[in-house]
Amino acid sequence: MIDILIEGWMNQTTLRLVGGLVLASLILYLLVVAVAYTFQREMVFPRRFVNALPFAAMVGPDFERVTLETADGERLKAYFKPPLEGAPMIVAFHGNGSVPEPQAVRFGSAPWAGAGFGVLSFAYRGYPGSTGTPSEEGLLLDAEAAIDYARTHAPGSRLVFIGHSLGTGVAVAMSERYPSQALVLEAPFSSLPDVVAATMPFLPGQLVHDTFFSSRRIAGSQADTIVIIHGERDTVVPAFLGRRLFALAPHGVFMSVENADHLNLRGMRDAEILDLVINGYPPEPTPQSEPVGSPDPLEAGAV
């Protein structure tokens with residue numbers, strides 16, 4: 001009888017312990033979700049951790065530092081280099097952890113400079129040198145201001161939208177609104193909820209405020225040429241999200257870069273991209289025109 005009582009007590013103790021651990025785990029998970037939900041814009045737009053000072057001296061005298069004024073009264077730091085007569089005008093959209101200076105230097109140099117391209121590279125609201133607080137709606141207003149400036153100061157030039165990472169979400173939205181010679185997307189995603197599902201599956205992506213649903217916008221792109229470039233070693237925005245976006249585009253070329261990650265991808269295929277931007281698609285499909293790599297794990301239910 002005593003043995004039965006002892007065994008029953010131990011079973012109850014074990015159940016209480018297991019129940020307590022489950023409850024503690026649930027509370028911890030809810031706290032993590034609550035913190036992520038509360039501070040999500042600090043994660044999506046980590047502008048407080050971005051230091052533009054080391055890049056300030058990078059931009060040469062062929063660029064003019066200008067200020068863009070948005071429709072809602074924000075003032076944005078920007079760098080402008082006019083195109084040669086008849087050459088296209090690049091509007092560059094940087095990533096969430098970046099600044100406009102490296103893009104100004106990149107697109108103001110070879111091979112782009114040799115083709116006479118102009119460049120407008122600007123800092124989103126809330127980023128160093130610009131006023132305001134970032135959000136998806138705000139970044140699209142920033143992009144509108146940049147495009148208005150580019151069209152006003154280079155009226156004879158066609159626009160080329162080039163974005164990296166988060167900037168691809170802005171570039172796709174602008175491509176839906178404005179005709180352009182080309183839309184170039186480096187390390188793009190189908191949507192931010194998809195990025196959350198792919199990289200942080202323990203968080204509910206449905207709670208994301210700033211969704212940047214490029215998958216819904218790219219079908220309406222007015223670009224003559226669409227180029228998507230993705231590194232197969234990208235762990236920030238996995239390459240299958242770029243392939244997913246490519247599958248929804250009305251036309252385009254997909255370049256898979258085997259040895260590239262999220263950051264070193266930038267500039268690796270500029271000569272090929274420039275050729276596509278100037279000359280359009282090749283008459284016959286090329287190997288890089290077809291997405292390669294593993295199947296989409298979100299579609300397969302693996303993530």
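1. A quick definition to start: a residue is buried when its relative accessible area is under 20%, exposed when that area is over 50%, and partly exposed in between (1.4 Å probe, protein chains only). By that rule F93 counts as buried, because its relative accessibility is 0%.

2. Before going on, note that this is a predicted model: local features need pLDDT of at least 70, side-chain atom pairs count only at pLDDT 80 or more, and totals for chains, interfaces and linings use all residues. Residues are numbered from 1 along each chain as its sequence is written, and side-chain values use heavy atoms, with hydrogens and water left out.

3. Now the aromatic rings. Rings of Phe, Tyr and Trp (its six-membered ring) pair if their centres lie within 6.5 Å; planes under 30 degrees apart are stacked, over 60 edge-to-face, and the rest tilted. Searching the whole structure turns up eight aromatic pairs. One of them is F93 with F122: the ring centres are 5.8 Å apart and the planes meet at 85 degrees, so this pair is edge-to-face. F93 sits in strand β3 (residues 89-93) and F122 in strand β4 (residues 118-122), so the pair ties together parts 29 residues apart in sequence. Strands (E, at least two residues) and helices (H or I, at least four) are DSSP runs, numbered from the N terminus. F122 is buried too, with a relative accessible area of 0%.

4. F93 has another partner, F161: that pair is also edge-to-face, at 6.2 Å centre to centre with 65 degrees between the planes. Here the link runs from β3 to strand β5 (residues 159-164), joining residues 68 apart.

5. Next, have a look at strand β7 (residues 223-231), where eight of the nine residues are buried. Two strands pair if DSSP finds at least two bridges between them. β7 runs parallel to strand β6 (residues 180-186), with six bridges joining them, and S180 stands opposite A223. Five bridges join β7 to strand β8 (residues 253-257), again parallel; H230 has S256 as its bridge partner there.

6. Last, helix α4 (residues 136-153) contains G138. Is G138 buried or exposed? G138 counts as buried, because its relative accessibility is 4%. Its C-alpha atom is 9.8 Å from that of G126, a residue twelve positions away along the chain.
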